[in-house]
Amino acid sequence: MASEPTTHNQVDAAASYKPFIPADVVLPEFTLRAILLGAFLGVIFGAVSVYLALRAGLTVSASIPVAVISITVFKWLGKSTILENNIVQTVGSAGESIAAGTVFTLPALIFLGYTLDYWRIFPLALAGGLLGVLFVVPLRNALVVKEHGNLTFPEGKACADVLITGERGGIQAGKVFGGAAIGIIYKFLMGEQGGLFFWKATPEWHPAWYPGSTFAGEITPEYLGVGYIIGTRVAGVMVAGGVLSWLVLIPIIQFFGSNIPEVMYPGTIPIGLMTETQIWKSYIRYIGAGAVTAAGIIMLVRTLPTIVSSFKSTFGQLKNSKLVSALKVERTARDLPLPIIGGGAVLVVGFLWALLAFHINPKASGNLISALLMVFFGFFFATVSARIVGLIGSSSNPVSGMTIATLMGTCLIFVLVGWTGGVYSVIALSIGAVVAIGGASAGQTTQDLKTGFLVGGTPSKQELGYAIGVITSVFVVGLTMQLLNSSATKVNALHISDVAITSAMKPQGPTTYEGHTYEVLSVIGSRKIPDGRYYYDPATKAIDYQQVMGIGSKDYPAPQATLMSVVINGILTRKLPWTLVLFGAFTVIVLELCGIHSLAFAVGLYLPLSTTAPIFAGGVIKWLVDRGKRKEEETAESETGSGALFSSGLIAGGSLGGLALAAVVGFKKEQAFALGLRWFPHFAQSNLAALVIFIGLAALLYFVAKSKGPVKNPGT
């Protein structure tokens, strides 16, 4: 939907609004302890968001849990001000947005045949995050202040409610900390790799009466919490996609393919010999990728009127606004000076050019053009993102759709000038990553500035604080991705003889495994060998092992990154099983014709059913809690109520526990920790026991959510 032009009533509302802390009141705000606590929480929630985005393909806003934790910690340490807590949530919220933009794009390096190079991830995330902040600063007055009666900024408003409630002593931080503690304990006790294995992590059933079907659920606390926060509708649509994949498409493929002796591309063995998981890897993933791509494009087309309107409205107001020296404006209207913004943007552009010229693309042309494309698309979509989040919120910000548009435009330009070699796929992905990270950063920065506008914060201090949050959180984002990828990477025996090296096989260098030296081959688009990484013996001209990367596996499917690689490969290399991709695309079109917004469904179609089923369970709990409530009560509870706070704790605790377990696996100590398999093996491997324990966790969430929440509607 397009936004309405600013009316006189809206201008009056902006001019007459009085923040919680008046402009002429000076309180401690940009303090060292606020910066340190915010940076620490930004690192924590950045790592949590990487874990969650790789597994479930989504993230949840960190502002409210960070604000709640800040209020509580400062109460333990002594008296604090609401403006200090606002700085903490501003700095701390950067980690989630940087992680989202990064994980939605850069894991595609693996799918394009490259490795997760930390020194490629870190600078791109840093540049994208800072550009998002720099591009938003000149727009703050037009979007946050002048549009006060028009743009609601739902997460920014909810976070301001939390801060004001906390200032009045009404916050219930115990819900967040309790959920986090339960999430960590639950995660360590269950049977995920590295845990104590007291019960199964993924109970599953393969009923004989329905061959090829799989009923499964990865019963983790973070998925339950995510389902509660995203709500019944989105969780239901998402699990519907999983039902189609695992209870319809895979059984159909097995039914018709079991009697076909030939190998059907892109599979490399007959369907009759495949397990359900192998069918998913060989066929369903491409259908899911086509569905996600089509849904992203449809979402982009649907939001085009809003994008065009947002861009025109924002720059119309910016053009008509008067530039005033920062020294002549009151505290609550003081932004970072424009020379700093302009100089910072120029430095980032130079940094991006140097990154491309000396690290990513040292031997090819087009680095300056690529850097300029990053800035052009980045500026456009950062502006769009900053306004859209005011209309529909950060959680609904179509960053993936904007990134798809960027990749399509970039790849078409590359094709027109003949840049279709392997390195240009990485350059296109780098451009898309900067745009995605910048868009996510711009949207979150604007939400934080709206929170500051409502509580009476100083914009320049928030803008600087968010930049600090970007700089600190980017250090952990790449490391977390590498940790999770390496901890779930496996080497499986797989013998393929008479392998002739072709253009579809990219040598990655030598490696030693089991006392033998191999050449690592990255294969993309071969009709004989499935896409992936292999250990190739040049002496025998045979492949002896397959290296199954953690990212892209069932452990960390990374659906959005898969989507980005599909777009790039589809345009630059054209090495895709297009029939399967089109199956997914037209499935999404069917849903859209039925009036169902399809992106959540498409993500569910790609993800394992074991991921979407527990998310749906959280959505069911939300439905049970909301029964009988008035609409305004549901809205308040969804943002700041007991269930939302407890769910945020479950997400944080479960994700932190998962990161710790990944470290256990990295040190190869998982067998020593699996005590349940030795003490009570039958119970530890029982599907029913695991399901009963998860139902108990869901019941706990229900009773906590039904308990009395914090004070609502503090009058912002």
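Tutor: Begin with pairing. Two strands pair if DSSP finds at least two bridges between them. Keep in mind that this is a predicted model.

Student: How many bridges join β5 to strand β6, residues 532-537?

Tutor: Five bridges join β5 to β6, and the two strands run antiparallel.

Student: What is the general idea behind strand pairing in a sheet?

Tutor: Strands of a sheet pair through backbone hydrogen bonds, and the pairing is either parallel or antiparallel. Here, β4 (residues 505-513) and β5 (residues 516-523) pair in the antiparallel sense, over seven bridges.

Student: Which residue of β5 stands opposite K506?

Tutor: S522 of β5 stands opposite K506. Move along the pair and you find P507, whose bridge partner in β5 is L521. Further along, P510 stands opposite E519 of β5.

Student: What do β4 and β5 form, and how many residues lie between them?

Tutor: They form a hairpin, with two residues between the strands. Check E514 in the turn: its phi is positive, about 55 degrees.

Student: On to helices. What describes two packed helices?

Tutor: Two values do: the angle between their axes and the distance between the axes. Take α6 (residues 118-136) and α16 (residues 422-455). Their axes come within 7 Å and cross at roughly 45 degrees. The pair is therefore oblique. The crossing of α6 past α16 is right-handed.

Student: Which residues make that contact?

Tutor: From α6, they include R120, L124, G128, G129 and G132. From α16, V434, I437, G438, S441 and A442 are among them. By class, the contact of α6 with α16 has ten nonpolar, eight polar and one charged residues.

Student: Give me a second pair. At what angle do α3 (residues 63-77) and α4 (residues 82-103) pack?

Tutor: The angle is about 135 degrees, with the axes 8 Å apart. α3 and α4 are therefore oblique to each other. Again the handedness is right: α3 passes α4 in a right-handed crossing.

Student: Which residues of α3 and α4 make the contact?

Tutor: α3 supplies S63, V66, A67, S70, I71 and F74. α4 supplies E84, N85, V88, Q89, G92 and S93. The contact of α3 with α4 divides into five nonpolar, six polar and one charged residues.

Student: One last check. What is the mean pLDDT of the protein chain?

Tutor: The mean is 83, and 89% of the residues reach 70 or more. Residues 1-7 have pLDDT below 50, and this stretch has 14 contacts in the model beyond near neighbours in sequence. Residues 710-716 are also below 50. That stretch has 22 contacts beyond near neighbours in sequence.

Definitions and conventions: Residues numbered from 1 in each chain as written. Predicted model: local features only at pLDDT ≥ 70, side-chain atom pairs only at ≥ 80, totals over all residues. Heavy atoms only, no water. pLDDT = per-residue confidence, 0-100. Contact = heavy atoms within 4.5 Å. Helix = DSSP H or I, 4+ residues; strand = E, 2+ residues; numbered from the N terminus. Axes fitted to C-alpha atoms, helices over the stretch in contact; angles between N-to-C directions. Parallel < 35°, antiparallel > 145°, perpendicular 65-115°, else oblique. Left-handed = near helix turned anticlockwise from the far one by under 90°. Nonpolar A, V, L, I, M, F, W, Y, C, P; charged D, E, K, R; others polar.
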